Amino acid sequence: MIKDLWYKNAIIYSLNVETFLDSNGDGTGDFEGLSRSLDYLQGLGVTCVWLAPFQKSPRRDDGYDISDYYQVDPIFGTLGDFVDFTHEAQQRGIRVMMDMVVNHTSDQHPWFQEARRDPASKYRDYYVWSDTKPRDAEDGIIFPGVQETTWTYDEQAGQFYFHRFHDFQPDLNTQNPRVLAEIRKIMGFYLELGVSGFRMDAMPFVIETKGPQPRHTQRYALLRDFREFLQWRSRDAIILAEANVEPKHNMRYFGDDGDRLQMMFNFWVNQHAFLSLATGDAGPLAQALDQSRDRPPNAQWGQFLRNHDELDLGRLRDSERQAVFDAMAPDECMQLYGRGIRRRLAPMLQGDPRRLELAYSLMFALPGTPVIRYGDELGMGDNLDLPGRECARTPMQWSPEANAGFTRAAKPVVPVLDHGPYSFSKINVADQRRDPGSLLNWTARMIRMRKEVPEIGWGEFQRVETGHPGVLALQYEWRGNIVLVVHNLTGTAAEVQVRIKGEQGRHLINLLTQDHSHANGRGHHRLIMEPYGYHWYRAGGLGHLLDRTPA
Ligand code: NOJ
């Protein structure tokens, strides 16, 4: 395997320009502010930034409704500022990925305006139309309670148009070769401007056939087309797909020969990880890991805890979902769309530092590449007074100064969190930077260690029997080196026994504390796990840098 695949062991950090840092005092974050915060990200250890949509948009869905793919929204700056940012990031060894939202446009996009105005226009067929309202128009709604249908009548066009998401987000007709050519052109444009890849929004819907007919199929071959285009234009650019699918479909997305997507978010593991964190039973997570084990050697999972959307628990059984709700979002106002939780990670875990460390340590230890949500490195909270998903999208908390040091404006456009236990006066970068025991400094140390354990990104994992239902042990092996990570998901101390094969497995060197372990005569290690404890070990000693066998 070529060792250059950067995404196999990246540290991805997701943010929205709007809420990161405002340089010009207009109350909204911008690219200049983001450029200024690059030293912070570099210090944290981030190797790749994933930017939420920043192109011109009416912003009725936080920018996931684009009206001009080739313009930076003027509230964030200019294309020049964007290129300055990608350049400054590169200077620090940080790659930039961006959202690619091509399942739909904004209804304000000139393509849609033209399409609805003129049936003879070439843009008419850029979208999906029907003379009558299809019978399944109320099925497959993504935002129940907010969205009423997937087919809306357009007076001007005299037809219904299809929209998987809100009615202001008409779906693009990805069966039209011209639309595919537009998608390639947009990707090509941003590759030239220095991005290393795209987080592709709503991938299953991008590749699905669309139209009034009741049956639809997934056109997986498109995934290979996208990949080929990317690699022809920019050899190491990748796609990280948002595809919340069942494990049996994973390989269709990755491609049996690893010829489709390089990365996918592991939504399956994500939902089961929360179930395990909520119940203290490692079983669901262990099973989910086994179920999503298959992936080509050149592909990678994106492992995450929270993102900018609700925590979608739609793939759990009703009783399982309820267990997570009960533990982490007991009030209905914390839940969303009947399937998810709209809170940030810290309040879901009652702000308990032990549980936060456990959750993050687990994420760093899962097979794949970790994806961090901005502010989670501080334990930022949510503002449940804000509607829907907005509660978890408040500005970055830089300091205890006015408006969290996010803006000089008297009133930020998105309000900073200024009350309660997660207020910026209590949770902010400046204070945590000074405190060696802060979550921020802990996260930086964990990232540093995670980078020194490439076995996780490259190796195969194996589950190691612990004999305790609440303790998960994963072993990674790569180039003759063995790493063992053990997590106690319960709030009670636990004593477990593990066995690592071979002579190497007799000595476990703890990477975080002095608490090393030597096997007894039968080759067993007796590990004492603190409540919510996490241990990272290297087997055999720390000579792995010397020992590594060549590829
Ligand atoms: C998924 C994005 O993550 C979400 O925020 C957005 O609303 C929908 N796709 C529509 O683009």
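Predicted model: local features only at pLDDT ≥ 70, side-chain atom pairs only at ≥ 80, totals over all residues.
The domain assignment of the protein chain gives domain 1 as residues 6-100 + 176-451, domain 2 as residues 110-162 and domain 3 as residues 456-547, and the centres of domain 2 and domain 3, taken over C-alpha atoms, are separated by 55 Å. An unreviewed UniProt entry carries the annotation "domain: Glycosyl hydrolase family 13 catalytic" for residues 14-408; this span is 31% helix and 14% strand, and its end C-alpha atoms lie 24 Å apart.

In the barrel, 8 strands close up in the order 1-2-5-9-10-11-12-16 with parallel pairing, and the twist from one strand to the next averages 25°. Helix 13 (residues 353-365) packs on the sheet, where it touches strand 12 (300-304) and strand 16 (369-373), and its direction makes about 145° with that of strand 16.

| Strand pair | Sense | Bridges |
|---|---|---|
| Strand 9 (residues 197-200) and strand 10 (residues 238-241) | parallel | 4 bridges |
| Strand 11 (residues 263-265) and strand 12 | parallel | 3 bridges |
| Strand 12 and strand 16 | parallel | 3 bridges |

Individual residues can be followed across these pairings: Arg 199 has Leu 240 in strand 10 as its bridge partner, Met 264 stands opposite Trp 301 in strand 12, and Phe 304 has Val 371 in strand 16 as its bridge partner.

Strand 12 is largely enclosed by the rest of the structure, because 5 of its 5 residues are buried. Both of its faces are covered, with Gln 300, Gly 302 and Phe 304 buried on one side, and Trp 301 and Gln 303 buried on the other.

Key: Residues numbered from 1 in each chain as written. Heavy atoms only, no water. Pairing = 2+ DSSP bridges. Helix = DSSP H or I, 4+ residues; strand = E, 2+ residues; numbered from the N terminus. Axes fitted to C-alpha atoms, helices over the stretch in contact; angles between N-to-C directions. Contact = heavy atoms within 4.5 Å. UniProt positions renumbered as here; feature names shortened; annotations may be inferred. Domains from an automatic or database assignment. Buried < 20%, exposed > 50% of the residue type's maximum accessible area, 1.4 Å probe, protein only.
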